[in-house]
Amino acid sequence: MSETRIQPGQDRLTRLSKVFIFSTENHKDSITKSLKLLLLVLIGASISIVFYSLFISKYAWFTCPDCETFDPICEPEKLTEQEPLLQSQTHSLNISHLAFGISGSTRTWSKRNQYSQLWWRPNITRGFVFLDEEPDPNTQWSQLSPPYKISSDWKQFKYSSSQSAVRIARVISDLFRVGLADVRWFVMGDDDTVFFEENLVSVLSRYDHRKMVYVGGNSESVEQDVMHSFGMAFGGGGFAVSYTLAVELVKLMDGCLERYYYFYGSDQRVWACVGELGVGLSREPGFHQFDIRGDPYGLLAAHPPAPLVSLHHLDYVKSLFPDRTQIESLNTLVHAHHLDPERLMQQTICYNRRLKWSVSISWGYTLQIYPIFLTARDLETPLQTFQTWRSWSNGPFTFNTRPLSPDPCQQPITFYLDKMKKLGKGGTVTTYTKFVSNPGKKCDKAYYQALAVKRIFVSAPKVHPTDLRKEMRRHCCDIKTVKHGSMKIRIRSCKQNETYTS
């Protein structure tokens, strides 16, 4: 019988083969176990997700109670046919996206419509003036005024002191229900409110209309803010409500008016209703309630570095330009606004070091020369040429003031806007003429040197709409020449590290 002899190398090969086969079988078994474990994990996760969806997060997954940003996963309530338009509004804000609700009355409109006609742009501006009753059918409605509507259902609500305040508070509801297309902001104002609409657009463009936003300003008189609220937008100065806030506000407005029947004003009622939605006031200093008495000159000559948005209570203050009626004065400001909207009332400070003069410019309105050196902080503080609204007191106000000296030699020499024109493609030249020629008493030599200036020419680049949004910094200026009774000033952007006194 023969035997096959295995060589030493073959023996090693045989042993290695057995090891390899054994290890391969172990590896396959390991993979099988891993796949089974993974399958069990996936099945468990699926069961958990289904359980979570059905029993724990039902409302979080299938509704969107805080759908302010209109996220695609949200399912907002169907309120009006307007609402879907909001999701497609991505282009820049312009005047066509605003709807104005002007509170008026048939009794006062015949006199106050002149204020609305200053800023209303037929076929461009959108909105209505809401009246308490039909106007006289024998009187033709001016095409230069906003169209009118009659306020709805306002006499059914409870009130304690002012029934008309209920009607005016509901203007936002009446305006919303008109159903104007492609509205982003609802703007409320009174029939004696003058809006500077391009600046209003500029201010509102800083906010997201897809969120709940309430924009406006306080009263200038602290006594008014204490009586009503520091957190309230005063209605005469105007306020704006984003479309998204208006959607929710209109839902609760009528019930809310019943809860706050004891409030005095319409704006206070609206503020209370907005507060029930958890929304606070976004303050903008360009809304001017003008709760002041007397001469508003000091306030406007040192306007804060913010676009001028509105002026109110214009029947209760002196004419803005002393040699013109109030309507003529406002018409001048409106023209300056159209020339360079965001520069209007913006204060600029410069010095003539040789003559030791301090100069303050409120562009499009007034210019002051002080024949002494005053700090920028002094010049930025309004002269108190006015008193409080209710008590006719010297304060307090919601901003600092400095006293106006009774000595005319210590008062600034004032100039008012006289002419304006475009300069090239992106600039302006405005001319300011002296108002008072004689102080009525003998002053020092420095005062009479400044008094010899009769006319001042101011050149300035046009302010781009985004400039004040990027940097809330006042511009600088250079006094170029002073001769032959004239002075030339150039306004410019301040250089890096430049100060007014450097």
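Predicted model: local features only at pLDDT ≥ 70, side-chain atom pairs only at ≥ 80, totals over all residues.
Q: What makes a space a pocket, and what makes a space a cavity?
A: Both are sets of points on a 1 Å grid over the protein atoms alone. In a cavity, a 1.4 Å probe fits but cannot get out. A pocket is an open set with protein on both sides within 12 Å along at least five of seven lines. Lining residues have an atom within 4 Å of a point. Grid points are joined across faces, edges and corners, and the volume is the space filled by probe spheres set on the points.

Q: Which helix supplies the largest share of the lining of the largest pocket?
A: Helix 4 does, with five residues. Helices (H or I, at least four residues) and strands (E, at least two) are DSSP runs numbered from the N terminus. Helix 4 spans 163–169, and other elements with at least two lining residues include helix 3 (106–119) and strand 4 (185–190).

Q: How does the lining of the largest pocket divide by class?
A: There are 13 nonpolar, 16 polar and nine charged residues. Ala, Val, Leu, Ile, Met, Phe, Trp, Tyr, Cys and Pro count as nonpolar; Asp, Glu, Lys and Arg as charged; the others, Gly among them, as polar. The second largest pocket, of about 480 Å³, has 21 lining residues, with P285, L299, P304, T398 and F399 the closest to its centre. Its lining divides into seven nonpolar, eight polar and six charged.

Q: How many cavities of 30 Å³ or more are there?
A: Two. The largest cavity has a volume of about 40 Å³. Among its lining residues are G298, Q347, S360, L379 and R402. By class, that lining has five nonpolar, five polar and one charged.

Q: Why do Y297 and Y365 count as buried?
A: Buried means under 20% relative accessible area (exposed is over 50%, partly exposed in between; 1.4 Å probe, protein chains only). Y297 is at 5% and therefore buried. Y365 is at 0% and therefore buried too.

Q: How do you know that R293 sits over the ring of W389?
A: The rule asks for NZ of Lys or CZ of Arg within 6 Å of the ring centre and within 35 degrees of the ring normal. The charged end of R293 is 3.8 Å from the centre of the W389 ring. K158 lies over the face of Y261, at 4.3 Å from the ring centre. Y261 also belongs to a ring cluster with Y260, Y262, F263 and W271.

Q: What makes strand 19 and strand 20 a pair?
A: Two strands pair if DSSP finds at least two bridges between them. Strand 19 (476–483) and strand 20 (486–492) have seven, in the antiparallel sense. C477 stands opposite I491. The two strands form a hairpin with two residues between them, and H484 in the turn has a positive phi of about 55°.

Q: Why is strand 12 described as largely enclosed by the rest of the structure?
A: Because six of its six residues (347–352) are buried. Q347, I349 and Y351 point one way, and T348, C350 and N352 the other. Strand 12 pairs with strand 13 over six antiparallel bridges, with Q347 opposite S362.

Note on methods. Residues numbered from 1 in each chain as written. Heavy atoms only, no water. Phe/Tyr/Trp six-rings, centres within 6.5 Å; stacked < 30°, edge-to-face > 60°.
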